[in-house]
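Have a look at the model first.

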Amino acid sequence: ISLTVSLTARSALSQVTWRGGFLFTHHGYSGPSVLNVSHVPVRARAGHSPKGQPPTAKVQVQWTALGDKEWEEALKPHGARTVTGALRAEMPDRLATALLVKANVEPTRPLTELRRDERLRLIDMLVRGELPWQGDEGYKKAEVMGGGVALSEVDPRTMESRRHKGLYLCGEVLDAFGPIGGYNFLWAWATGRSAGSAAAAVVKN
Ligand SMILES: Cc1cc2nc3c(=O)[nH]c(=O)nc-3n(C[C@H](O)[C@H](O)[C@H](O)COP(=O)(O)OP(=O)(O)OC[C@H]3O[C@@H](n4cnc5c(N)ncnc54)[C@H](O)[C@@H]3O)c2cc1C
C-alpha cells in the first residue's frame with residue numbers, strides 16, 4: 001500500500017514534519033516521508049537525547065490531506081454511505097478497513113449511526129494517529145548520514161578546514177543534513193568540485 005501522508009517525528013532533541021510518499025513494505029515503513037523524519041527516532045534511540053529525557057521518539061501520521069474540519073465534513077451523514085465508504089474516498093481500501101478496526105469502529109456502520117465518540121476517535125487517528133515503530137534498518141541500509149565535521153569549521157569558498165590548513169572536505173563527511181530527493185548528491189558534487197578546485201589551485205601555485 002502506498003499513499004501520501006504527513007509524518008511528524010518528535011523526540012526530546014528535535015521535531016520534524018514531512019509530507020510525502022509513504023509505503024508499507026514487508027519489512028516496515030518506507031518512502032520519502034519516512035526517510036526524511038527517521039533521523040529523529042534513530043538519534044533518540046542512539047542515545048542522543050538530553051540527560052534525563054527518554055531515549056525514544058513519537059511518530060504521528062496524518063493519513064490524508066484532510067484535517068479535523070474536513071473530516072468532520074466528510075463524516076457527516078450522507079444518504080446510505082457507510083463509514084468505510086467515507087474513508088475509502090480518501091485512502092486505499094485496506095488501509096481504511098485497518099484504521100477502522102484500530103479505532104474500534106464498525107466498518108459497515110452507516111454515517112447516520114456514527115456516534116460522536118466514535119467520530120472523534122476516528123478523526124484523531126486519521127489526523128494525528130500514532131505510528132508504532134520498533135527500530136530502524138541500521139547503518140548498512142542507511143541512505144544518508146547525519147553528523148560529521150561542523151560546517152562552521154570549513155571555509156565555504158574553498159572547503160578547506162579552518163582547523164587544519166591543507167585539508168579539504170566535501171560530501172557526507174560534513175555535517176550537512178539534506179532531505180532525500182537528490183540534494184545529497186548535489187551537495188557531494190558541489191562541495192567536491194569546490195574542494196577539488198581549491199586544492200588543485202594550491203598545488204598549481
Ligand atoms: C542506497 C543509497 C541510496 C542513495 N540515494 C540517494 C539519492 O537518491 N539521492 C541523493 O541525493 N543521495 C542519495 N544517497 C546519498 C548519496 O549517495 C551520498 O550522499 C553521496 O554519495 C555522498 O558522496 P561522498 O563522495 O561524500 O561519499 P561516498 O559516495 O560514500 O564516497 C566515499 C568514497 O570513499 C571511499 N573510501 C572510504 N574509505 C576510504 C579509504 N580509507 N581510502 C580510500 N577510499 C576510501 C569509499 O569507497 C567511497 O567510494 C544514497 C545513498 C545510499 C547508500
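## A pair across the chain

D68 has a relative accessibility of 33%, so it counts as partly exposed (buried is under 20% relative accessible area, exposed over 50%, partly exposed in between, with a 1.4 Å probe and protein chains only). R128, at 34%, is partly exposed too. Their side chains meet in a salt bridge, 2.6 Å from N to O (a side-chain nitrogen of Lys or Arg within 4 Å of a carboxyl oxygen of Asp or Glu). With R128 in helix α6 (residues 116–128) and D68 in helix α3 (residues 68–74), the pair ties together parts that are 60 residues apart in sequence. Helices here are DSSP runs of H or I, at least four residues, and strands are runs of E, at least two, numbered from the N terminus.

This is a predicted model: local features need pLDDT of at least 70 and side-chain atom pairs 80 or more, while totals for chains, interfaces and linings use all residues. Residues are numbered from 1 along each chain as its sequence is written, and side-chain values use heavy atoms, leaving out hydrogens and water.

The whole structure holds 13 salt bridges. One of them joins R45 and D136 at 2.8 Å, N to O; R45 sits in helix α2 (residues 39–48) and D136 in the loop between β5 (129–130) and α7 (138–141), 91 residues apart.

R109, R115, D117, E118 and R121 are linked in a salt-bridge network.

## Helix α8

Which residues of α8 are buried? They are N184, T191, A195 and A198. On the other side, F185, L186, W189, R193, V203 and K204 are exposed.
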